[in-house]
Amino acid sequence: MSSSSPPPPSMGTPAAVTAAAAGWNGCPEGQQEGKTKGVPSSPKVIIVGAGIAGIAAADVLCREGFSDVVVLEATDRVGGRIWSIDIESEKGLKVELGANWIHGIDLNPIYCIAVKHNLLSTQYKGRNLGKKMMFVTETGDPIHTRIIRDVDLDYGMLISECEEFYKQQIPTPYEDDSVGAYVEREFEDKISRFTGEEHRLRQLMLTQRLLGECIISGANTMNDISLSEVGCFEELEGVHYVIPPGFDRIVHMLKKSIPPERIHLNHPVTKISWNCDSTIESDGYPVCVECENGEKFTGDICLVTISLGYLKQHADRLFWPKLPEPKQNAIGTIAMGTVNKVILEFDGQILPDEVFRLEMVWDRRSMKDEDIAQSWVKKIPSFEAVSENVLVGWLSGREAEYMEKLTEEEVGKKCHEALTAFLHKAVKKMPNLKKVTRTSWKSNPYTLGSYCHIPVGTEAAEIDRLAEPLCSNSDVPVLLFAGEATHSKFYSSSHGALLSGEREAKRIIDLYHQ
């Protein structure tokens, strides 16, 4: 898409009308866009959070000529949930602890930035890897390509059907129905003609596909995902790309327009006063942001880009006055999921020649009787090679959170046992495991999770409510919200986070420059 930001979301939506009717002090419709009476022409803007949403907003504002913009970041780096690291055993190789892919190219601003700065590569370019996927059971036996093809065809059709309930506003078969329940019901009908091993393997393949969908969705199980709302997310068409120099290069490109002294690292925010009414505490400004180190920043407007997970745990003590009830409800009802990665470095090639991904088809039917200490690894549906010697695996939900409590040695031991079971018929000698790196997004004190999803019983409109600006008593927008959980079409994605930052920057520009 073009580098220009999209228009702010319509404030005449049912979400805004419902919120206004509930008595909260969101902004009057006519004063959310365009020049508002009584606002200064050169505002002081405080941005809380230096993830891609906060950096994108600051980039747009600085390029537009706003000279008094400050970004407050709790950690010692920019990027938030975009975090690229070096692999010690392979010089020049980067792996991602957070955002991993440019999902599609049509209308994706991250793709445009990557192309502009020559950062882009297809998944395989420059790597001595093939393009084969290897589907294997935990006994080491391969799944026949016919079964894989049949299951993928049925599964793809069922996921498309799930999305149509929202797109066509079709009532779901059951009240509070879930994607997982719908897919499992319909899939069982489709495979009812098979018996014995043919039937069993198709069931296992479906479970493996649903585990992958949990990672995409950020859910513990697909039974958590609302069937009626899942179709509000829009997939962007085109090839998926990785960024070999590191996904965080996107953030650093955006950061170039921001004067370095305007980004304050190691500044955790402890209080945001957003309706100060020109009190002495705020030096006459409507917003005062206090940091853990005692520093205070006053301004005309505050853009909050911190994670939904952090808002869930800290909103009650973070904001003064407390957020209006509709905003609190949105924070409470949108779900924050956990997705973690395991990065394994070996002393030799791990997957067979020409194979870049091991698809692990677990038999999870007896897991209810297993201790999570033994079964957590079965939540990993695949390992992908980022080089001949390095594998990356993903897992979500309860097991991802459990893994955070383990030592890296314990994680590595369990993963090595699993890989040995799946590969013992295809690999003559397993290489030694040299190093394990794993993410801990749930226990990270400033993220408290990975990304959001819309759970059963929650409406997609709650995302719009979370994105609504809040106004001072004089009906001027003073508290804005951005981040992946505030984009109704691209929530849970890095491009959604970027676009939300640009959206709020444009809102500020429209407010102060027209």
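Predicted model: local features only at pLDDT ≥ 70, side-chain atom pairs only at ≥ 80, totals over all residues.
Student: How many aromatic pairs does the structure hold?

Tutor: There are seven. One of them joins Trp-83 and Trp-441, with 6.2 Å centre to centre and 70 degrees between the planes. Rings of Phe, Tyr and Trp (its six-membered ring) pair if their centres lie within 6.5 Å; planes under 30 degrees apart count as stacked, over 60 as edge-to-face and the rest as tilted. Trp-83 lies in the loop between β2 (69-72) and β3 (84-86), and Trp-441, 358 residues apart from it, in the loop between β17 (433-438) and β18 (451-453). Helices (H or I, at least four residues) and strands (E, at least two) are DSSP runs, numbered from the N terminus.

Student: Why is the pair of Trp-362 and Phe-422 described as it is?

Tutor: Their centres are 4.8 Å apart and their planes stand at 80 degrees, so this pair is edge-to-face. Trp-362 is in the loop between β14 (355-361) and α10 (372-375), while Phe-422 belongs to helix α12 (residues 408-423), 60 residues apart. Trp-362 is buried at 6%, and Phe-422 is buried at 1%.

Student: How do you know where the charged end of Arg-77 sits?

Tutor: It is 3.9 Å from the ring centre of Trp-83 and sits over that ring. The criterion asks for NZ of Lys or CZ of Arg within 6 Å of the ring centre and within 35 degrees of the ring normal. Arg-202 likewise sits over the ring of Phe-194, at 3.7 Å.

Student: What makes β7 and β11 a pair?

Tutor: Two strands pair if DSSP finds at least two bridges between them. β7 and β11 have two, in the parallel sense, with Ser-273 opposite Trp-320 in β11. β7 and β8 run antiparallel over four bridges, and Lys-271 faces Glu-290 in β8.

Student: Why do β9 and β11 stand where they do in the sheet?

Tutor: The open, mixed sheet has the order β9-β8-β7-β11. β9 (296-299) and β11 (319-320) each have a single partner strand, so one side of each lacks a neighbour in the sheet and they stand at the edges. For β9, that partner is β8 (residues 287-291), antiparallel over four bridges.

Student: What makes the buried residues of α3 line one face?

Tutor: In helix α3 (residues 109-116) they are Pro-109, Ile-110, Ile-113 and Ala-114. Down the axis they fall within an arc of 140 degrees, so they line one face; the arc is that of the directions from the helix axis to the C-beta atoms. These residues pack against α2 (52-63), α7 (248-255) and α14 (494-513), where contact means heavy atoms within 4.5 Å.

Note on methods. Residues numbered from 1 in each chain as written. Heavy atoms only, no water. Buried < 20%, exposed > 50% of the residue type's maximum accessible area, 1.4 Å probe, protein only.
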